[in-house]
Amino acid sequence: MDTLIGWLGSAYMPLKAVHVVVTFFWIAGLFIYPRYLVHQASVPVGSAEDMNWRLRTARVRRIILVPSILAVWILGLAIATSYGFQQAGWIHAKLLLALLLSGYQGWITGVGRRMAAGERPVSERTLRIWNEVPALFTILMVGLAVLKP
């Protein structure tokens, strides 16, 4: 086990546990945010219901997405460097997926901000399709972390 903990020492496993928990929060936010946008896209721009969806999506961004992505990256990089990511190709793949999923978050929150401004930059159907991206990434990233190919 000593070879797994590296420079984090005895803090490695507790930090890894916290990383897993905040990753759950991040993925949960990435599941719900586009779903909220789907609902918002189905209501008239400027209506009371649209205003409620604007508040809801802003809360998801502020309370779930931003804090959790920061914690995921900080803890994930600490754990990866302590583990010795230079020798583990699966970590490189997982980091690439995390980077791509972070880019997805940036894109989808940009769509949400444009919707809050009264635009409808993508269709409801397109939002439904993009809502599946976090599930695919979750399957791939958990597979890499558990199987360590």
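Modeller: A residue is called buried when its relative accessible area is under 20%. The model under discussion is a predicted one.

Biologist: Why is Thr109 called buried?

Modeller: The relative accessibility of Thr109 is 7%, and the cut-off is under 20%; therefore Thr109 counts as buried.

Biologist: What makes Tyr12 buried?

Modeller: Tyr12, a residue of helix 2, has a relative accessible area of 3%. Buried means under 20%, so Tyr12 is buried. Over the chain of 149 residues, 38% count as buried.

Biologist: Where is Thr109 placed, and which residues does Thr109 touch beyond four places away in sequence?

Modeller: Thr109 lies in helix 4, which comprises residues 89-116. Leaving aside residues up to four places away in sequence, Thr109 touches Tyr33, Arg61 and Leu65.

Biologist: How do you know that the length of helix 4 agrees with its number of residues?

Modeller: Helix 4 has 28 residues, and at 1.5 Å a residue these should span 40 Å. The expected span is 1.5 Å times one less than the number of residues. The end C-alpha atoms of helix 4 are 41 Å apart, which agrees. After helix 4 comes Gly118, whose phi is positive, near 100 degrees.

Biologist: How do helix 2 and helix 4 cross, and is the crossing left-handed or right-handed?

Modeller: The axes of helix 2 (residues 12-41) and helix 4 come within 11 Å and cross at roughly 35 degrees. The crossing is left-handed. The residues of this contact divide into 14 nonpolar, six polar and two charged.

Biologist: How many helices and strands does the chain contain, and what are the spans of its C-alpha trace?

Modeller: The chain has six helices and zero strands, and its elements run α-α-α-α-α-α from the N terminus on. Along the principal axes, the C-alpha trace spans about 60 × 25 × 15 Å. Among contacts in the chain with a separation of 6 or more, 77% come from residues 24 or more positions apart.

Note on methods
Residues are numbered from 1 along each chain as its sequence is written. This is a predicted model: local features need pLDDT of at least 70, side-chain atom pairs count only at pLDDT 80 or more; totals for chains, interfaces and linings use all residues. Side-chain values use heavy atoms; hydrogens and water are left out. Helices (H or I, at least four residues) and strands (E, at least two) are DSSP runs, numbered from the N terminus. Buried means under 20% relative accessible area, exposed over 50%, partly exposed in between (1.4 Å probe, protein chains only). Contact means heavy atoms within 4.5 Å. Axes are lines fitted to C-alpha atoms, for helices over the stretch in contact, and angles run from 0 to 180 degrees between N-to-C directions. A crossing is left-handed if the near helix is turned anticlockwise from the far one by less than a right angle, and right-handed if clockwise. Ala, Val, Leu, Ile, Met, Phe, Trp, Tyr, Cys and Pro count as nonpolar, Asp, Glu, Lys and Arg as charged, and the others, Gly among them, as polar.
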